[in-house]
Amino acid sequence: MQRLGRLWLLWRRPPAAGVAAKNLGLREVASGVSPPGSTSPRALNIFDRDMKRKQKNWAARQPEPMKFDYLKEAVGSQIADRVYDITRNFSLALDVGCGRGYIAQHLNKETVGKFFQVDIAENALKNTLEMEIPTVSVLADEEFLPFKENTFDLVVSSLSLHWVNDLPRALEQIHYVLKPDGVFIGAMFGGDTLYELRCSLQLAETEREGGFSPHVSPFTAVNDLGHLLGRAGFNTLTVDTDEIQVNYPGMFELMEDLQGMGESNCAWNRKALLHRDTMLAAAAVYREMYRNEDGSVPATYQIYYMIGWKYHDSQARPAERGSATVSFGELGKINNLMSQGKKSQ
Amino acid sequence: MSGNGAVWGRVRGRLRAFPGRLAACGAEAAAYGRCVQASTAPGGRLAKDLCAPEFEALRRCFAAASSPGDSPLWGCGLEEAPWKDQTRSLHTGLSVVPFVAKKTLRGGL
């Protein structure tokens, strides 16, 4: 989400023959071109997944990873709550983009028999939190799950789907590996996330440099989320939103925490450089526009929780047209109707 | 990042001092923030250097607020240096001291 400028010295080797000097160090923007053989022609290439893996590895290797875990812990426990709400025990579960295992640590052995943890960063899988459920760690990309069809009773995903390039395909993959009557419970960042940071950087960059480039990655809108889940084949969808507001001393601490969480920007179109002038201006604007009474500045994280089921015959379906036995016009006499129904049973 | 992370650590250390220095310049920061915020009101138009005077004041205060152990990059050293008119930021980490040839390889180290 935020890249804190270029922090390393570069002694550049002389350019190879034919490479224009201005292209040195600039990433090529791959926009709208899908790789050959991809099954979804609408695939976009927005994020550099290789860089995201490096960032997550770096974040997991920090001396104090629990310092930045607060957001993922909160959302992980919310997802675990939703798993407990379903009065069923799952023998085999999958965590897509698990990080250090924030969901599994809240669940118990009765609810989930065995947990598969999937992440793209091996350091995160090596430093998992303590949990009582037996787990298997698999290093895999969220868009290319290496499992057979109809494998899992439960799939969870917490705050990692906002970095996948092809979200429809990722959701289709999750639907594919679910057993019939399996459930997918996911949490994703929503459109209002970090809007204060985004606005402050935009204003400061416009004032200081005359234009701005995106520093906060694009998020899915809640309407699109429902459509995507439906298109992937999920039934009985539930999407609800939650806003977590975290107060920070200032913008620099917020950016440092984002980097420590592994949420640095990795979009292809990110600017490699964030000038100190712009950083200073943005911090001043952030403080002036959004600060609280006690001098701290808030950062909003909007989370969308989604639940989707894979179709099974036993699931409730809408009734057939014309099968109604009472009409809405008799709604006023509903007490009589109900007591009649009880008598006849 | 380089092998032992020395440069990264140094630059990150400088960045860690930013919040403290910014806190020392509360008034200038608030003035600059108010100026930018005023341009977002209906009828205002945010253009480059719209709030340049306020930002200059903030930058000077920020530079003056550097703690004693700081490196001369974008700190007090900027005022006396012959390149003080240079306004682009120096956060690449490259030394601003003009290159002086020290020794030739012929003489050993």
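Where on chain A does UniProt place the feature "domain: Methyltransferase type"? I found that the record, an unreviewed entry, puts it at residues 94–185 of chain A. Positions follow the numbering used here, the feature name is shortened, and such annotations may be inferred rather than shown by experiment. The end C-alpha atoms of that span lie 10 Å apart, and the span is 17% helix and 34% strand.

Basis. The model is predicted: local features need pLDDT of at least 70, side-chain atom pairs count only at pLDDT 80 or more, and totals for chains, interfaces and linings use all residues. Residues are numbered from 1 along each chain as its sequence is written, chains are lettered from A and ligands numbered from 1 in the order written, and side-chain values use heavy atoms, without hydrogens and water.

Entry: the sheet. I traced an open sheet of 7 strands in chain A, in the order 3-2-1-4-5-7-6, with mixed pairing. Strands (E, at least two residues) and helices (H or I, at least four) are DSSP runs, numbered from the N terminus. Two strands pair if DSSP finds at least two bridges between them. Strand 3 (135–139) and strand 6 (235–248) of chain A each have a single partner strand, so one side of each lacks a neighbour in the sheet. Neighbouring strands are turned by 15° against each other on average, direction ignored. Strand 1 (residues 90–96) and strand 2 (residues 112–119) of chain A pair in the parallel sense over 6 bridges. L94(A) stands opposite F116(A) in strand 2 of chain A.

Entry: helices on the sheet. Helix 4 of chain A packs on the sheet and touches strand 1, strand 4 (152–158) and strand 5 (178–189) of chain A. Contact means heavy atoms within 4.5 Å. The direction of helix 4 of chain A makes about 145° with that of strand 5 of chain A. Axes are lines fitted to C-alpha atoms, for helices over the stretch in contact, and angles run from 0 to 180 degrees between N-to-C directions. I also noted helix 7 (residues 251–260) of chain A, which lies across strand 6 and strand 7 (297–309) of chain A, at about 35° to strand 7 of chain A.

Entry: helix 4 with helix 6. Helix 4 (residues 167–177) and helix 6 (residues 222–232) of chain A pack at about 45°, with axes 8 Å apart. That makes helix 4 of chain A oblique to helix 6 of chain A. Angles under 35 degrees count as roughly parallel, over 145 as roughly antiparallel, 65 to 115 as roughly perpendicular and the rest as oblique.

Entry: between chains. How do I class the crossing of helix 8 of chain A and helix 3 of chain B, and at what angle? The axes of helix 8 (residues 276–290) of chain A and helix 3 (residues 26–39) of chain B come within 8 Å and cross at roughly 80°. The two helices are therefore roughly perpendicular. On the chain A side, A281(A), A284(A) and M289(A) are among the residues that meet helix 3 of chain B.

Entry: within chain B. Helix 3 and helix 4 (residues 52–64) of chain B pack at about 155°, with axes 9 Å apart. That makes helix 3 of chain B roughly antiparallel to helix 4 of chain B.
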